[in-house]
Amino acid sequence: MRRYVWVIGSVVASWGVAAAAGQDEAAERESLLARANAAVAAAAARVENDPSRPVFHILPAAGWLNDPNGLLRHDGWYHVFFQHNPYGDEWGHMHWGHVRSRDLVRWERLPIALWPTKSLGEDHVFSGSAVVRKDGTPMLFYTSISGHRPPEQWAAIPEDADLVTWRKHPSNPILTESIHGGSRIYEWRDPYVFRHGEATYLVCGGNLNASQGGQGAVFLYRADDDTLTKWSYRGVVFTHPDPEVKNVECPILFPLDGRFVLITSQGQPVDWFVGEFDPETPSFTPTARGKIDDGQVYAPSVLVEGVERPILFGWINGVPSGKGWRHCLTLPRQLSIGRLDGRLKQMPYTQLRELIDADLPDRHLFRDSIEGRELLGPEWSGDSLWLQVSLDPGKARAVGLDLLVSDDGTGGVPIRFDGRSLEVAGTKAEVPLQPGESLHLAIYLDRSILEVVSLRGEAASIAGTNTPADGSAWISRVVDFDPARTRVALRAEGGSSGRIEIRHAYRMKPAWVTGR
Ligand code: FRU
């Protein structure tokens, strides 16, 4: 009897403590987020009219952005979170910013979703991912960083149906480094959750054997049950093959077209590997390898569930400091594996056409013997453009076009093709062509952000050609922007036999359903 009373008493008492802790946590969340959101709102007023700020790429209203995190589809909405410093345009005070969309191209900003819980010693909420549990509850996973302890993997769950308000999971920490038994993993972070068969897995990046100079590796865990709060360590699933790679960040592992894809961020450019995944060994064995982007893209993430095909977003870095906003995400890229060459293909997401400004006419131009430089008329000018272009140097050394040219025809950002390599604002990617084949490009200019993708082989066949599969290359760059320079010029170097066709030239609308 006495014991019974003690048990009841302690249950009531611990429930009381938990409720009080819950209230304290909620109060702390309210005050930290109110401060962070107010800081962004105050800075937003200043950056709003910066003409160099992109309008159809995802970025917060102000402040710093890095990696995309926690891509998720729930209740007809796509949610994208991202590493965000609300307090300035430098890295620091990592929170998770939040936007949502019905179609992955038109976005609405939501309040900041995740904050470092200071009372629990958190300094930063680092990168991570999202999963919708079997019971329908979305769950965010991230690396909790504290100056007082090694990194831990934590989770958060929503408090409302719109996924606006989140709370830290009561079972945190979900994974601590003790899960590895004796072995020590350095820089252990960036949990990415994926499903395979009936099981749910998670990979983290890090660095093995730091005492011997380190080795970038990917570590695999399996959920013990559907609550996703208990996990078992399975082992090292992948060691980066390049000896100079000492650390892997943001590993992304997911099934695609009967194979598996592993993306590793170990410095720019980011690598992709297509291969076989065996959760039992465990091992990931690559059969093909390439780069996600030859330009300024890092730490991409991939949305796999709730979409027809996986969708990738990356972080475009390289925006200078001092503007009150800094960096943005890439446009969404739809992923597939080439049937003929087994390589990863990244196509611009088809719904981007929803951003075309229908009030302005689509334009077409064909020149079959470009000589020198030709400044196109003002009707071609723009700072938010989508151009579909075909380039064929013929016997000329190179052909291409310049964007953001001034009215007197000087300056501009060059896009140039010499028959082997594509060059965008000085960054090169190899795109060797078969004799007689033209290079098809999709060019997205969004003020100071430029993304160029070569659509070759299977991808180009969508545009009506029938060439064999040979991969696609992306170059995303931050470029100098001056609102007075918005003209387009064509050019050829070393001969006049080059051909340039602008098959479509669209002006793009802002992606923001509300605000800017
Ligand atoms: C990659 C990265 C991640 C980390 C996050 C911190 O850019 O360094 O490894 O979780 O950014 O902002």
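In the predicted model, the centres of domain 1 and domain 2, taken over C-alpha atoms, are separated by 32 Å. Domain 1 covers residues 25-350 and domain 2 covers residues 356-507. To the contact between them, domain 1 contributes 31 residues and domain 2 contributes 29 residues. About 2400 Å² of area is buried between domain 1 and domain 2, and carbon and sulfur atoms account for 60% of this area.

Aromatic pairing was examined next. A pair of aromatic rings is described by the distance of the centres and the angle of the planes. The count of aromatic pairs in the model comes to 20. One of these is formed by Y201 and F277, whose ring centres lie 5.9 Å apart with the planes at 90 degrees, so the pair is edge-to-face. Because Y201 belongs to strand β10 (residues 199-208) and F277 to strand β15 (residues 271-278), this pair ties together parts that are 76 residues apart in sequence. Both Y201 and F277 are buried.

An edge-to-face arrangement is also found for Y298 and W315, with 6.3 Å from centre to centre and 70 degrees between the planes. Y298 is located in strand β17 (residues 297-303) and W315 in strand β18 (residues 311-316), so here the parts tied together are 17 residues apart in sequence. Y298 and W315 are likewise buried.

The charged end of R102 is placed over the ring of W77, at 3.8 Å from the ring centre. R363 lies over the face of W380, and the distance to the ring centre is 6.0 Å.

Three further residues were considered individually. R487 is situated in strand β33 (residues 487-493). The relative accessible area of R487 is 12%, below the 20% limit, and R487 is therefore classed as buried. A polar contact of 3.2 Å connects the side chain of R487 with the side chain of D407. With neighbours within four places in sequence left aside, the residues in contact with R487 are L375, L376, G377, P378, S381, D402, L403, L404, V405, S406 and D407.

S146 is located in strand β6 (residues 138-146). Its relative accessible area is 10%, so S146 is buried. The side chain of S146 reaches two backbone atoms: the oxygen of G121 at 2.8 Å and the nitrogen of H148 at 3.0 Å. When neighbours within four places in sequence are left aside, S146 is in contact with G121, E122 and D123.

S232 is found in strand β12 (residues 231-239). With a relative accessibility of 28%, S232 counts as partly exposed. The side chain of S232 makes a polar contact of 2.7 Å with the side chain of D224. Residues up to four places away in sequence not being counted, S232 touches I179, L220, Y221, R222 and D224. Between S232 and L391, the separation is 159 residues in sequence and 52 Å in space, C-alpha to C-alpha.

Conventions
Residues are numbered from 1 along each chain as its sequence is written. This is a predicted model: local features need pLDDT of at least 70, side-chain atom pairs count only at pLDDT 80 or more; totals for chains, interfaces and linings use all residues. Side-chain values use heavy atoms; hydrogens and water are left out. Rings of Phe, Tyr and Trp (its six-membered ring) pair if their centres lie within 6.5 Å; planes under 30 degrees apart count as stacked, over 60 as edge-to-face and the rest as tilted. Helices (H or I, at least four residues) and strands (E, at least two) are DSSP runs, numbered from the N terminus. Buried means under 20% relative accessible area, exposed over 50%, partly exposed in between (1.4 Å probe, protein chains only). A charge sits over a ring if NZ of Lys or CZ of Arg is within 6 Å of the ring centre and within 35 degrees of the ring normal. A polar contact is a pair of N or O atoms within 3.5 Å; within protein, one must be able to donate a hydrogen and the other to accept it, and residues adjacent in sequence count only if both atoms are side-chain atoms. Contact means heavy atoms within 4.5 Å. Domain bounds come from an automatic or database domain assignment. Buried area is the accessible area (1.4 Å probe) that two parts lose on being put together, summed over both.
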